[in-house]
Amino acid sequence: MKLRKKLFSSLAVAACLSLNAQNTNNFVVQANKVGAEIQPTMYGLFFEDINFGADGGLYAELVKNRSFEFPQNFMGWNIFGNVKLMDDGPFKNNPHYVRLGNSGHREKHTGVENEGFFGIGIKQGEKYRFTVWARGENQKIGVELIKNNFSENHQALVKGSLNIDSKEWKKYELVLEAPVTEAKSHLRIFLESKGDVDLEHISLFPVETWKGHENGLRKDLVQALYDIHPGVFRFPGGCIVEGTDAETVYNWKKTVGPVEDRPLNENRWHYTFKYRFFPDYFQTCGLGFYEYFLLSEEIGAEPLPILNCGLICQYQNDPESQIKMEDLDPFIQDALDLIEFANGNVNTKWGKLRADMGHPAPFNLKFVGIGNEQWGSMYPERLKPFLAAINKKYPNIKVVGSSGPQSEGKDFDYLWPEMKKLKADLVDEHFYRPESWFLAQGNRYDNYDRKGPKVFAGEYACHGKDKKYNHFNASLLEAAFMTGLERNADIVHMATYAPLFAHVEGWQWRPDLIWFDNLNSVRTCSYYVQQLYSTNKGTNVIPLTMNKKSVSGQPGQNGLFASAVVDKVKSEYIIKVINTSDTAQPVSINIEGAGKKFNLSNGEMITYSTTELNSDNTLENPSLILPKTEKISKEGKSFDAEIAPKTFVIYKFKK
């Protein structure tokens, strides 16, 4: 009887062990099969001036309509007293300025007040540089940062004055230190003497911009870009490159040279959405192509400028409204001139301009994109002469073409063969798609033609069903999708989430990678996914399989996605695992071919998860959901783990 009980007990344990073994997801990492090189450009950033991403955002200018060039010349300004708009100013492309004159009464006052971008944010103890081009004859102006609804005796939070002592146009400067923190201050200027004074290009910047540049960028926002360690930086868009009509096509040549003389351009997004309507959204181009190249250099990313291909936005214009083929030459010349601006020596026309702006050394441009989300036969027809001209004059420059606005379908299927035929170097694919799409795309690039153009996953973000906002679950599915990018690094050479920035009061499109207000910024869950991939990308792919199949959310894989890389520089193996299911998944990872001396004793585990799947970091709580890092130590060359539901885990082991 006792023997039968022991036998039954042994059989039960064996059955239980067998069941657990069947339920365990067994991964095999073949460390000795070093595969495709992961490009330095693999993970990067895409910037577009949407959601007040440039003026009012990354570009640190605090004054709206600083040169009175908006179509409604006083948009953003309140005027009082004797103020006249003039149009014969010192700058050809920005001729308007204001003349402040005597009010005609001792108790009346003349001046102007600027509302900024949803207010002017200032921080206690920080300094702000006010500059103005002015002319007069010993006039005095008072300059104040004010709070209109201040309950104290004075609206002015801080004030100073300038003496305008020249009849010729001259630049004046005043530095003000903020005594308090205020998100919604205004800039107010009084005429404080007799006689007329003329004011043009009225500007206010934080002294503390990124790296202290005077025509600079907002420090916290650039720091967030730098901390991703991006490999590529695509700019300036996006749809804004195309323009709303022929008059508003983005022209890089209008964004370089003296900032005071860069002409205003209408933003492609200001009239687009009636439900998020911003008719005061324009581009001063203070953040122009020189600044974009400089930013790329300073954050360590390859610059990828996108140029108009000779088509205005196809969503907003009928085919018969498009720019004709016979009018394409200036667009092609613009592309050639841009390459000269970036790389030409100081004796060339455009290389000299770059040097005059402060950068004699070339920017070492390697890539240029022609067109954005164009579709139909009109696009390859126009791309062909661009490729011919660029390849002839600059054969080392790689040209990025487009597969249109969709991730599949008629236009996509038409354009990919056309890009191959034209021998584009890379093809830009875009996907703003729901959860189901991201879960189904684990093997998207496994069967792409390895002999054709490389892939640039140029704009992507998971848009949750009825949850078109940033939340953790969307970022988790982006992480799952990215395992397929990484496994196919031989064909996928670039990938960038989009859009990048959004002002909490000025957004038109969401989700977005980084949100901000006038004083603070927050890095979303999607941001941390991008950062985790970029800072753990390794140098080469190594195979990771389950039952000899890639771990890509396939049937029977229990919602798991995984990839593995080796970093030859840091001498480590990096394994990424994403559990998209609602249940914990036991995983056994066996590392084969790592050598006799290899063991798992010196490891690190990064875990990114939350039980609040619909939540994200916020301005009020920017650290709500953060990756957590801990040291781990395992014996031998394999280890068992349990991946919690809805969790992204990275394992790192020294070779």
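Predicted model: local features only at pLDDT ≥ 70, side-chain atom pairs only at ≥ 80, totals over all residues.

Trainee: How do E8 and E13 pair, and over how many bridges?
Mentor: Strand E8 (residues 127-135) pairs with E13 in the antiparallel sense, over seven bridges. Strands here are DSSP runs of at least two residues, helices are H or I runs of at least four, and both are numbered from the N terminus. Two strands pair if DSSP finds at least two bridges between them.

Trainee: Which residue in E13 is the bridge partner of Trp 133?
Mentor: Glu 200.

Trainee: And what joins E5 to E13?
Mentor: Three bridges, with strand E5 (residues 97-101) running antiparallel to E13. Arg 99 has Asp 198 in E13 as its bridge partner.

Trainee: How many residues of E13 are buried?
Mentor: Ten of the ten in E13 (residues 197-206), so the strand is largely enclosed by the rest of the structure. Buried means under 20% relative accessible area, exposed over 50%, and partly exposed in between, with a 1.4 Å probe and protein chains only.

Trainee: OK, helices. At what angle do H3 and H4 cross?
Mentor: The axes of H3 (residues 289-299) and H4 cross at roughly 50° and come within 11 Å. That makes H3 oblique to H4; angles under 35 degrees count as roughly parallel, over 145 as roughly antiparallel, 65 to 115 as roughly perpendicular and the rest as oblique. Axes are lines fitted to C-alpha atoms, for helices over the stretch in contact, and angles run from 0 to 180 degrees between N-to-C directions.

Trainee: Which residues meet there?
Mentor: Phe 289, Tyr 290 and Phe 293 in H3 meet Leu 338, Phe 341 and Ala 342 in H4, contact meaning heavy atoms within 4.5 Å.

Trainee: And how do the axes of H4 and H5 cross?
Mentor: H4 (residues 329-343) and H5 (residues 349-356) have axes that cross at roughly 45° and come within 7 Å. That makes H4 oblique to H5.

Trainee: Last one: is Ser 526 buried or exposed?
Mentor: Buried, with a relative accessible area of 3%. Ser 526 sits in helix H10 (residues 525-534). Not counting residues up to four places away in sequence, Ser 526 touches Asn 470, Ser 475, Glu 478, Tyr 497 and Leu 513.

Key:
Residues numbered from 1 in each chain as written. Heavy atoms only, no water.
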